[in-house]
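Hi,

Here is the structure I promised to pass on to you. Have a look at it first, and then read on for what I found.

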Amino acid sequence: MTLDVVIKHPLGRISLDVSFSADAGLTAIVGPSGAGKTSVLDAMAGILRPAEARIICAGRVLDDSARGVSVPAHQRRIGYVRQEPLLFPHLTVRQNLLYGHWFTPSSERRIREQDVVTLLDLDMLLSRRSGRLSGGERQRVALGRALLTSPQLLLLDEPLASVDAGRKHDILPYLDRLRAELRIPVLYVTHLFNEIADRAGLAIVMDEGAIVAQGPPERVRGDLERTLGLPGN
Amino acid sequence: MTIDDAAIVRLSLWVALWATVATLPLAVAVAALLSRTQFWGKSVVNGVVHLPLVLPPVVTGYLLLRLFGRHGAIGGVLEQWFGIVFAFRWTGAALAAGVMGFPLMVSAIRVALDGVDHRLEESARTLGANRLWAFLTVSLPLVVPGVASGMVLAFAKALGEFGATITFVSNIPGETQTLALSIYTLTQTPGGDEHALRLVLLSVALSFAALIASELLARRARRADRR
């Protein structure tokens, strides 16, 4: 499964102009705040309609502005976990988890509710409203909710920002399993390069709306430190 | 309360109920349109929706007569094709009351929708819900208190509607003579003051009951939110 992305879009004082290809593995997008990382994910999820785009996921054209193609967000089969979990406050945790599951045709459901509940340790939370959860709990529910749509591509925007260190060590191996068993490509936005460097097959460094470096994490680590002054480890 | 009074109250409640329930779907749609979308002419749509609030009710009634009367642009078509008649019928009184209460309902729902994070709907869309489902399953349940509040306001407005109703569908006992119109008629009738006072007290009691119902609904919604 491959991913080809070209996005050009004006973003206030900067212009988003990115182009990259990724395989079924985990791709890390790293860069300072305001670099346009989240906008890339928004465009891929179909929430932001770019001025110019060509996005192909596993051979399926999601966006092709030249041909006027833009698949609506609800038909993209892309799981998107934002930095702010945005759970539905009127629903219980279980109803939140199953929200996307209901819209997924049963023939395409590859991930079971119980597996996600067990893995993310959500058993005790199922009947609670999202307003009564801690930041980490909300993020785990958001991750589980996205996984239960059995997505063809998973977009994670700082998904572990409010998850405690112990839970991170539980969740990250599950991402490995997702990639290994289900071959779900993952685009992982983070400012903590080290959090994901060992797992990423490709690292993309963004600044001011553009890609300033991309390649294997070890090579990019130096670019991060040299060009942006960000810690590479 | 006499049998006649009961009939007047029943007709008034019936007209107000229809005015409120029949306009609710359109009010939700217009509120969603104004709250969630940007389009050319939005200010004009907003102005038209709120026009009944600022126009003299007689003018609204006259416009309704021209549009929905038997020979009106819309009324003629509705009668010919669907057999629906508004002129001099309780349905016309409900239409007039609905039009007058519509801006209040739209405003209450719109304010409530403006308070809901639109990114929740975006999340719903990435989870597989189309725009309509995302709105119906995420935003709409979150604005139930606003919808209830808008309905109560529109109901109360409909209950007290006078100018547009008398202009559009006249003052026909048993058909279009609601509480407000009955009180007006009695004040114009020699010796009708005592009866008018009785209806005034009934009217106050009904409006008060509507406001208490609104408060109870709001409290219930707040309790549900805290759970």
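Two strands pair if DSSP finds at least two bridges between them. Helices (H or I, at least four residues) and strands (E, at least two) are DSSP runs, numbered from the N terminus. With that in hand, β8 of chain A, residues 153–157, pairs with β9, residues 186–190 of chain A, in the parallel sense over 4 bridges.

Before going further, a word on the source: this is a predicted model, in which local features need pLDDT of at least 70 and side-chain atom pairs count only at pLDDT 80 or more, while totals for chains, interfaces and linings use all residues. Residues are numbered from 1 along each chain as its sequence is written, and chains are lettered from A and ligands numbered from 1 in the order in which they are written.

**The strands of chain A**

β8(A) also pairs with β7(A), again in the parallel sense and over 4 bridges. In these pairings A:Gly79 stands opposite A:Leu154 of β8(A), and A:Leu155 stands opposite A:Leu187 of β9(A). How many residues of β8(A) are buried? The count is 5 of 5, where buried means that 20 or more other C-beta atoms, placed from the backbone, lie within 10 Å of the residue's own. In a regular strand, side chains alternate between the two faces of the sheet. Here A:Leu153, A:Leu155 and A:Asp157 point one way, and A:Leu154 and A:Leu156 the other.

**Two helices of chain A**

α2(A) and α4(A), the latter covering residues 135–147, pack at an angle of about 30° with their axes 6 Å apart. Axes are lines fitted to C-alpha atoms, for helices over the stretch in contact, and angles run from 0 to 180 degrees between N-to-C directions. Angles under 35 degrees count as roughly parallel, so α2(A) and α4(A) are roughly parallel to each other. From α2(A), the contact is made by A:Val93, A:Asn96, A:Leu97, A:Tyr99 and A:Gly100, and from α4(A) by A:Val141, A:Gly144 and A:Arg145. Residues are in contact if their C-beta atoms, placed from the backbone, lie within 7 Å.

**Where the chains meet**

The contact between the chains takes 18 residues from chain A and 15 residues from chain B. On the chain A side, β7 (78–81) and α2 (93–103) each supply at least two residues. The largest share, 3 residues, comes from α2(A).

Chain B has 11 helices and 0 strands. Its C-alpha trace spans about 65 × 45 × 30 Å along its principal axes, and 41% of its 227 residues count as buried.

The largest nonpolar core has 122 residues; such a core is a set of buried Ala, Val, Leu, Ile, Met, Phe, Trp, Tyr and Cys residues joined through C-beta atoms within 7 Å. A:Ala28, A:Leu155, B:Ala96, B:Met105 and B:Ile109 have the most contacts inside this core. Helix α5 of chain B, residues 90–114, gives the most to the core, with 15 residues.

B:Ala94 lies in α5 of chain B. Why does B:Ala94 count as buried? Because B:Ala94 has 27 C-beta neighbours inside 10 Å. Not counting residues up to four places away in sequence, B:Ala94 touches B:Val15, B:Trp18, B:Ala19 and B:Ala22. With the same exclusion, B:Ala96 touches residues including B:Gly61, B:Leu64 and B:Phe168.

Enjoy exploring!

Methods:
Two residues are in contact if their C-beta atoms, placed from the backbone, lie within 7 Å. Angles under 35 degrees count as roughly parallel, over 145 as roughly antiparallel, 65 to 115 as roughly perpendicular and the rest as oblique. A residue is buried if 20 or more other C-beta atoms lie within 10 Å of its own, exposed if 12 or fewer, and partly exposed in between; C-beta atoms are placed from the backbone.
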